[in-house]
Amino acid sequence: MTETFMLSNVETNIVLEAKRITKQFPGVLANDNVNFDLRKGEIHALLGENGAGKSTLMNLIFGLHLPDQGEVIVNGKTAMIHSPNDSIALGIGMVHQHFMLIPVFTVAENVMLGDETVKRGALDRNTVAAKINEISIQYSLNVDPHAMVGTLPVGLQQRVEIVKTLYRNAEIVILDEPTAVLTPQEAEDLFRIMRDLTGRGVSIIFITHKLKEVLAIADRITVMRAGRVINTVLPSETDSAQLANMMVGRQVILTVNKKDREPEADVLKVEGVTVRDQRDLETVHHVSFSVRGGEILGIAGVQGNGQTELSEALTGLRHPTGGKVFISGHDVTGKSPRVMTETGLAHIPEDRQRHGLVLSYTVADNMALCDYYHPPFSQRGVMQPKALDENARKLIKAFDVRTPSPFVNAGKLSGGNQQKVIVARELSRNVKLVIANQPTRGLDVGSIEYIHSEIIKMRDRGVAVLLVSAELDEIMALSDRIAVMYRGQIVAIVETKKTTREQLGLWMAGAHVESV
Amino acid sequence: MQSEKRSNSLTKQILRSISEAGLIPLLAILTAVVVGGIIIIIVGGDPIRAYTGLIEGSFGSTKALSETAVWATPYIFAGLAVALAFKGGLFNIGAEGQLAVGAVFSALIGYALPEWLGFSLPIYIHLPLAIIVGMLMGGIWAGIVGVLKAYTGGHEVINTIMMNYIALNTTSFLLNGVMKDRSPTNVIARTPLIADSARMPEIFDGLRVHWGFVLALLVAFLIWWLLNKTTLGFEIRTVGLNPDAAQYAGINVKRTVILTMALSGMLAGLAGSIEVTGLNYRHELGFSIGYGYDAIAIALLGKSHPLGVVLAAFLFAAMRNGATRMQFLTQLPVDLISMLQALILLFVAADAIVRYIYRIKSKGERVVLTRGWGG
């Protein structure tokens, strides 16, 4: 009795409904008869792999695309959303994965951008700042309206984006992969903020591919796959395995299977390495460690503690200002990436689009990006398209890269497949050392699973693996030993078996090490 | 069977990419012709007669064709220079100066070397030497800018412009001074005529078209081959498209930047050398004015593709060459041609206008409003 009442009460509280939405892109049916609804004050998670159609659906709701068929109903009325301006007017706000902020503007300036408050011809920063303070206090966001956005940590920048939507009186907030850029602590803060928002009547659509988060925070979960809604479930009635199954369409191994293995001799040896970043600040101080063959050493740490600069120094992208680096006994300190690769390094870079790929090159060209200059890809200075083609076909098959052909530009592939192109290229070479920096960032369950298994295969083959990741779960699942980086130093190196998530979290936050 | 099928589809792919790449420039030209026609009507001219004159003057006779080829020759070389730099991610505005440097040195070798040596050289040594020295000096001139870019980060746009001032004013100084033609009747800032042994033979009797034109087509093919088929070309393109990925891939980015700039300068230098050894037999102040800047337009219109550059160079050459005939027939000023060229470029550069007029959907890179990994 009570339940039916509750249900009907909730039914009437639908603030947004997408009905029978269909959207066709050239060659892809991105949304196929999709139905989705959002109730007042709920967090409705939209879960799915790359290319499942989540972002397309949200872009349709936010007015970045028009649907071919179907309609969007906001607060009971059919909404004509042709542009983001229309959706903002309807009280819909969107926080994109890549923030739309201008770093050299203050928070207040960024927030008013596009909706400037003007007093006697000048920007009225004070009124805006006062309103931001009000919002900030109301939702305990802790945002300083006068801070320069560029100086804020990523977690705070995201809050500025949230403030932007609230400033425009959004009652429906779409968060697109909001935790992809956050540290575990920042993610916790975000969840608290999301709860605060819903407590005050804001409704949230939470786009993600992370199962744990969905189960922790969502009121309802809608799973999409290949442009269709598979099901909408309650977190209390499901679990990770079932969700993963719905997302991927098959059984997914959620835990990493890893056999014990005796490590071999040192492959990578780092002695007292010091690195400065582009602002000439020393971000890595006298770091020493080694990675043995057949072992995965994970570097854990909150982002921005020197991991990026350290891995750049170890892969030849940046000159260390002090210390020595050895690969299999060869001194490669400050050597070029070419020398490093020839000494036996495979590098899966942190930013796949900036370093890992030339997006306007074909998959085939990208698959030979580090090897293009020697046989069989190049003979006497002339490129050998046939060899490139054969290599690409072989790797596409072996690494299950989803691409229509080797001649498609890498930029046209999904993020997961772009990463697979890099992984295929790097791990197929005859290497002794793999340095993988955030190898699964932003990827879907299927790709993560696959890339993890490939990394473990390398380790089992006797290759030394240095894994840098901001995802503690990933570090713990893969690593044999874990080094924790804090403020440019390695504060602890432990065997994975002999530590806990909590202990690592403490070290990551800068707690002192009593014993290792 | 399968490989045949694949190569077939590859040919189709290539053809399609050519027609796609060429579509916008062609429509830009068409639009410019229409807009130009309207302007001719407004100023009281007859556009049909004007365009007929233009075509007659550029393609209407053997002589007209020959002259168009003569005009096209430096345009092809200089256009390739700018296009190659574009492929390497560099904007070479200095073709003008590099061309002048090439011309000065070719002329110097052409007239002075036999005097210095005290004996005359056979053509198969003297001519190539004159061309190669001019080419190399153009390369060095641009290479300096490459070195500055690679080691100090000095922007090539600023530095090529500065090098243009240095080159053009030094040329003027030399042509008015030590290199000036000393013959008693001469009052012009120009070098003496180069020796016969440094001159390119004629192809046809009585026509000015010279072997330099053939060389230009050959070099265009060579540059296409270099860029698309060789390892060096792969390096140049990678640096041009994504210098970070190039560094990651182990390419020496600094070396490649210097090399690209030097190669670009060599091509511009060739433009100057060939004008001296193939056409004018001397270097004269002001003969090359504007080639280096037209070259930028040609590279843009040709979408930095060597074949596109050759076609664009022909178009520009035809317009320059046909202008006189057009003026003769219609009394319209030759400046109209500059206007037409400007219109074409405007439509190529702002291709959104052309896409809008002809309702062409832009393929590939659309304006990205959101970026994310989710579907």
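I started in chain B, where B:Trp71 and B:Tyr75 are 4 residues apart in helix 3 (residues 62-87), so about one helical turn separates them. Helices here are DSSP runs of H or I with at least four residues, numbered from the N terminus. Their rings make a tilted aromatic pair, 6.5 Å centre to centre with 35 degrees between the planes. My pairing rule for Phe, Tyr and Trp (its six-membered ring) is centres within 6.5 Å; planes under 30 degrees apart are stacked, over 60 edge-to-face, the rest tilted.

Next I looked up burial: B:Tyr75 is buried at 1% relative accessible area, while B:Trp71 is partly exposed at 27%. Buried is under 20%, exposed over 50%, partly exposed in between (1.4 Å probe, protein chains only).

Note on the model: it is predicted, so local features need pLDDT of at least 70 and side-chain atom pairs 80 or more, while totals for chains, interfaces and linings use all residues. Side-chain values use heavy atoms, without hydrogens and water; residues count from 1 along each chain, and chains are lettered from A in the order written.

How many aromatic pairs are there over all chains? I get 10. One is A:Tyr372 with A:Tyr373, edge-to-face at 5.4 Å centre to centre and 70 degrees. A:Tyr372 is buried, at 0%.

Last, I checked charges over rings (NZ of Lys or CZ of Arg within 6 Å of the ring centre and within 35 degrees of the ring normal). A:Lys131 lies over the face of A:Tyr167 at 4.5 Å from the ring centre, and A:Lys420 over that of A:Tyr450 at 5.1 Å.

Notes: Helix = DSSP H or I, 4+ residues; strand = E, 2+ residues; numbered from the N terminus.
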